[in-house]
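This briefing sets out the overall architecture of one protein and then turns to a single residue. Please consult the sequence and the structure shown below.

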Amino acid sequence: MRALVYRGHKRIELENVPDARVPAPDGALVRTTSFAICGSDLHGYHGPVNEERIGSTMGHEAIGEVVEVGPEVRSVRPGDHVAVSAVVGCGRCENCQALLTARCANSETRVLNLGQAEAIAVPAADSSLLPIPDGVTDEQAVLLTDILPTGYKGVRGAGIQPGGTVAVVGAGPVGQMALETSFLFGPSKVFAIDQVGHRLEEAERLGAIPIDASQVDPVEAVLDQTGGKGCQHVIEAAGPQATVRIAFGVLAHGGTLSQVGATTDPEMTVNLMALFGKDLTYRVGLVSPQYAWPELVPLLQEGKIHPERVFTHHLPMSDGPRGYEIFDKRDDGVIKVMLDPTR
Ligand code: NAD
Ligand code: ZN
């Protein structure tokens, strides 16, 4: 089967790899019909070469059709149209049973890095697959695999109160999900901080106040517009040290910073004494998409959110390497790239 394979720094190749199979008695084989590229795929793409990952399949945001299931699978059957969770657990431990797959007590692998291929071997199918509900489009279903739950996790974690002030740092795909869902909680002001013009314009269309970090000091700008107080609810949706610093900088005393951006640099330093003086709450972690599905599906079905607006590019899988390049450069008006595995 064909897959997009990691070959080193900014090198993704379309290659033939061994066919996927049902991985275990509780697993399933899913033939993909659409998948997207995630900001998490970019860490490996533009970062230092990861020797261990060379030759491995990219991606973790796919939907498709169940082709075959193991004998222990109960909730899906061949022919079902499903979204594949980006994060998988054993499906049996207490945390997985509580839909918190990112906290699985038994599995080492959390993110299912197999998604950008014609088929996926899905472990713990009953826990990892969402039969796509009526009233949810394919584009929306792709977002349910990862970034919509991720942005929503950021928002939930920030505990937005009606009338509260919000800042979302990073207006990429994940930031867009956080921006859109933050409005569900009745904030008085939502700031969107980024340095890419078209992403800030998209945030503005949602009702957010854009802050262009390439033009102004974003911390000063937010303090200026909040009477020097900063924001009570901050969502970090980018990951680099610079944006984590901005996130702490715009956080009000007594506020909550909820980070979903992945900081890959282990050398990150923070001034704990300065944070101590703010009496703040800090949350950070990997998403459990399953945990958010029961809340997000009705919002999609009722038309209360339209996150599919982020798909700016639809390309055939054979153009996957170009899709990575466009997404990484953040040019051509790109927010999110969808790939079609049938082409
Ligand atoms: P992205 O890279 O497209 O978005 C990041 C955005 O931050 C970009 O728009 C970029 O312009 C902006 N940015 C970067 N540096 C900046 C700076 N110094 N000042 C202002 N803006 C800056 O990626 P994405 O798909 O939106 O993903 C965002 C992050 O979320 C990634 O780190 C990804 O790994 C992470 N992620 C985490 C989870 C989770 O489970 N917690 C799930 C999915 C993605
Ligand atoms: Zn992802």
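The model is a predicted one.

**Overall architecture**

- The protein contains 12 helices and 15 strands.
- Its radius of gyration is 20 Å, close to the 20 Å that the globule rule gives for 343 residues, so the protein is as compact as a globular protein of that length.
- The C-alpha trace spans about 60 × 40 × 40 Å along the principal axes.

**Burial and contacts**

- Of the 343 residues in the protein, 54% are buried.
- Among contacts between residues at least 6 apart in sequence, 72% join residues at least 24 apart.

**Charge**

- The protein carries 28 positive and 42 negative side chains.
- The centres of these two sets of side chains lie 2 Å apart.

**Glutamate 180**

- Glutamate 180 belongs to helix α6, which covers residues 173-182.
- Glutamate 180 counts as buried because its relative accessibility is 11%, and buried means under 20%.
- The side chain of glutamate 180 forms a polar contact of 3.0 Å with the side chain of arginine 309.
- Neighbours within four places in sequence aside, glutamate 180 is in contact with Leu206, Ile305, His306, Pro307 and Arg309.

Technical notes:
Residues are numbered from 1 along each chain as its sequence is written. Chains are lettered from A and ligands numbered from 1 in the order in which they are written. This is a predicted model: local features need pLDDT of at least 70, side-chain atom pairs count only at pLDDT 80 or more; totals for chains, interfaces and linings use all residues. Side-chain values use heavy atoms; hydrogens and water are left out. Helices (H or I, at least four residues) and strands (E, at least two) are DSSP runs, numbered from the N terminus. The radius of gyration is taken over C-alpha atoms; the globule rule is 2.2 Å times the number of residues to the power 0.38. Buried means under 20% relative accessible area, exposed over 50%, partly exposed in between (1.4 Å probe, protein chains only). Contact means heavy atoms within 4.5 Å. Lys and Arg count as positive and Asp and Glu as negative; His and the chain ends are not counted. The place of a charge is taken as NZ of Lys, CZ of Arg, CG of Asp or CD of Glu. A polar contact is a pair of N or O atoms within 3.5 Å; within protein, one must be able to donate a hydrogen and the other to accept it, and residues adjacent in sequence count only if both atoms are side-chain atoms.
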